[in-house]
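Here is a short tour of one protein model, written for someone who likes to keep the structure open while reading. We will look at its pockets, a residue in one of its helices, and some charged pairs.

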Amino acid sequence: MRNIFVCDIVILLLLTVGLSAKEKKIDFDKDIQPILSDKCFHCHGPDAKKREAKLRLDTFEAAIAKRKKGAAIIPGNAMGSAIIKRMITDDQDDIMPPPDSNRHVSKAQIELIKQWIKEGGKYEKHWSYQKPIRPPVPKSQEPNNSIKNEIDAFLQEKLTKEGLN
């Protein structure tokens, strides 16, 4: 009985890892902007009085601008981007954020930023400034009597996708 229980847990873990390992496009607003805001914008954000090295990372145009040591972000080229080079350097004088700032970027956050840059490093407007787009109502494979309205169709699609129908 115990072996069956252990086997069930292993299978559940493998399924969970498999589901989370699916290729997921990085979302700037949810995944990247909070990191940049917390770790970078203090010195490289919109406040001109606090800005260091005349570098802004809060706008796409400024982040991709050519600079002496290269653009902070080179869309599609994470390892060529100065932001990544500065985050992973061993040189204590060059590392970003600086050690005395009491801000630290984790390895997971660096990997997330690398992936985002590889995907094009696009900035997005805050969701409240974006025009809402109505998604198409999913076609259901279920009998018509189980779908009473459009919301049911979206819920059924999600349940099917998760294998819970």
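## The second largest pocket

Helix α6 is the biggest contributor to the lining of the second largest pocket, giving 4 residues. This is a predicted model, so please read every value below as computed from it. Both α5 and α6, the latter spanning residues 107-118, supply at least two residues of that lining.

The space in the second largest pocket comes to about 270 Å³. It is lined by 15 residues, and those closest to its centre are Met 87, Ile 95, His 104, Val 105 and Ile 110. Sorted by class, the lining of this pocket holds 9 nonpolar, 2 polar and 4 charged residues.

## The largest pocket

The largest pocket holds about 560 Å³ of space. Its lining counts 25 residues, with His 44, Ala 53, Leu 55, Arg 86 and Met 96 the closest to the centre. Two elements give two or more residues to this lining: α3 (41-44) and α5 (82-88).

Helix α5 gives the most here, with 5 residues. By class, the lining of the largest pocket is made of 13 nonpolar, 4 polar and 8 charged residues.

## A look at Ile 35

Ile 35 sits in helix α2, which covers residues 28-39. Is Ile 35 buried or exposed? Its relative accessible area is 6%, which is under 20%, so Ile 35 counts as buried.

Setting aside neighbours within four places in sequence, Ile 35 is in contact with Cys 40, Gln 109, Leu 112 and Ile 113. Val 105 is 70 residues away from Ile 35 in sequence, yet their C-alpha atoms are 8.0 Å apart in space.

## Charged pairs

Side chains of opposite charge can pair when their charged atoms come close. In this model, the count is 4 salt bridges. One of them joins Glu 111 and Lys 114, at 3.2 Å from N to O. Both residues belong to helix α6, 3 residues apart, or about one turn of the helix. Glu 111 is partly exposed at 47% relative accessible area, whereas Lys 114 is buried at 13%.

Another salt bridge links the side chains of Lys 39 and Asp 38, with 3.1 Å from N to O. Here Lys 39 counts as buried at 15% relative accessibility, while Asp 38 is partly exposed at 40%. Glu 162 also forms a salt bridge with Lys 158, their closest N and O atoms being 3.5 Å apart. In that pair, Glu 162 is partly exposed at 39%, and Lys 158 is partly exposed at 49%.

Methods. Residues are numbered from 1 along each chain as its sequence is written. This is a predicted model: local features need pLDDT of at least 70, side-chain atom pairs count only at pLDDT 80 or more; totals for chains, interfaces and linings use all residues. Side-chain values use heavy atoms; hydrogens and water are left out. On a 1 Å grid over the protein atoms alone, a cavity is a set of points where a 1.4 Å probe fits but cannot get out, and a pocket is an open set with protein on both sides within 12 Å along at least five of seven lines; lining residues have an atom within 4 Å of a point. Grid points are joined across faces, edges and corners, and a volume is the space filled by probe spheres set on the points. Ala, Val, Leu, Ile, Met, Phe, Trp, Tyr, Cys and Pro count as nonpolar, Asp, Glu, Lys and Arg as charged, and the others, Gly among them, as polar. Buried means under 20% relative accessible area, exposed over 50%, partly exposed in between (1.4 Å probe, protein chains only). Contact means heavy atoms within 4.5 Å.
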